[in-house]
Amino acid sequence: MTNQRQEVKMLQGLETILLKENFGEAIPEEYIVRENPRTIVHRHTYGGLSRFFGGLAESVLWGTVCLNQNCKWSDIWLPPRVHCPDCWEAMEWVPIDARGAKVYTHSTINLPGAGFMLTTPCPLISVEIRGVCTKFMSYLSKFGENEPYIGMPVKPVFQKDNPTYTILDISWVPKNSD
Ligand SMILES: [Zn+2]
């Protein structure tokens, strides 16, 4: 048996096992089985969080705040929550002033897994923003040597042209960059 035929035989063996697992059917050895990977289109709604993703396309960072006077949370949540995680009341939208934002912590991706949509190295950052009680997870799209570092001042940039309406429409750059 040639190497090529052995290879075909081996592939058929794997596919037969796969078909048995999926359909409970044995496939006769002489049958050629091909696998054709397919993709699907996944549609889902952002529901009550739609304003947040729409805001990114307009260079506005929206958070939510609980206005229930009996609730202990008065700070802004980012990413926003539709309902207060503490008292479950509907929250109110507030635009966030990201001046003074800084890197709270960071980790750089050098070897991405399948499906990673950004270029590498990619510094992932948690951003600390005044008045916001959560740390916002994002990435630094422009950086120099030894950046990012904890406490580094950053500012947001928005992908207004061709927005994807995903979290990738916002990234951060050093505060003093153009
Ligand atoms: Zn609340």
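Among contacts between residues at least 6 apart in sequence, what percentage join residues at least 24 apart in the protein chain? The value is 47%. The legends below refer to a predicted model.

**Figure 1. Overview of the protein chain, with two helices and eight strands.** Along the sequence, the elements follow the pattern α-α-β-β-β-β-β-β-β-β. The chain has 178 residues, and buried residues make up 18% of them.

**Figure 2. Open antiparallel sheet with strand order 2-1-3.** Three strands form this sheet. Strand 2 and strand 3 are the edge strands, and each of them pairs on one side only. Strand 1, residues 62-65, is joined to strand 3 in the antiparallel sense by four bridges. Within the view, Val65 has Glu92 of strand 3 opposite to it.

**Figure 3. Loop between strand 2 and strand 3, with Pro79 and Trp88.** The loop lies between strand 2 (76-77) and strand 3 (92-95). The peptide bond between Leu78 and Pro79 is cis, with omega about -5°. Trp88, in this loop as well, has a phi near 70°, a positive value in a residue other than glycine. Is Trp88 buried or exposed? Trp88 counts as exposed, because 11 C-beta neighbours lie inside 10 Å and the limit for an exposed residue is 12 or fewer.

**Figure 4. Open antiparallel sheet with strand order 4-5-6.** This sheet is formed by three strands. Strand 4 (102-109) and strand 6 (136-139) stand at the edges with a single partner strand each, so one side of each has no neighbour in the sheet. On average, and with direction ignored, neighbouring strands here are turned by 25° against each other. Strand 5 comprises residues 122-128 and pairs with strand 4 in the antiparallel sense over seven bridges. Ser107 is positioned opposite Leu124, which belongs to strand 5.

**Figure 5. Asn110 in the loop between strand 4 and strand 5.** Which residues does Asn110 touch, not counting residues up to four places away in sequence? They are Thr120 and Pro121. Asn110 and Cys122 are twelve residues apart in sequence, and their C-alpha atoms are 6.7 Å apart in space. Asn110 is exposed, because 7 other C-beta atoms lie within 10 Å and a residue with 12 or fewer falls in that class.

**Figure 6. Loop between strand 6 and strand 7, with Asn146 and Pro148.** Strand 7 covers residues 154-158. Asn146 has a phi near 60°, again a positive value in a residue other than glycine. With 7 C-beta neighbours inside 10 Å, Asn146 counts as exposed.

Note on methods: Residues numbered from 1 in each chain as written. Predicted model: local features only at pLDDT ≥ 70, side-chain atom pairs only at ≥ 80, totals over all residues. Pairing = 2+ DSSP bridges. Axes fitted to C-alpha atoms, helices over the stretch in contact; angles between N-to-C directions. Buried ≥ 20, exposed ≤ 12 C-beta atoms within 10 Å, placed from the backbone. Contact = placed C-beta atoms within 7 Å.
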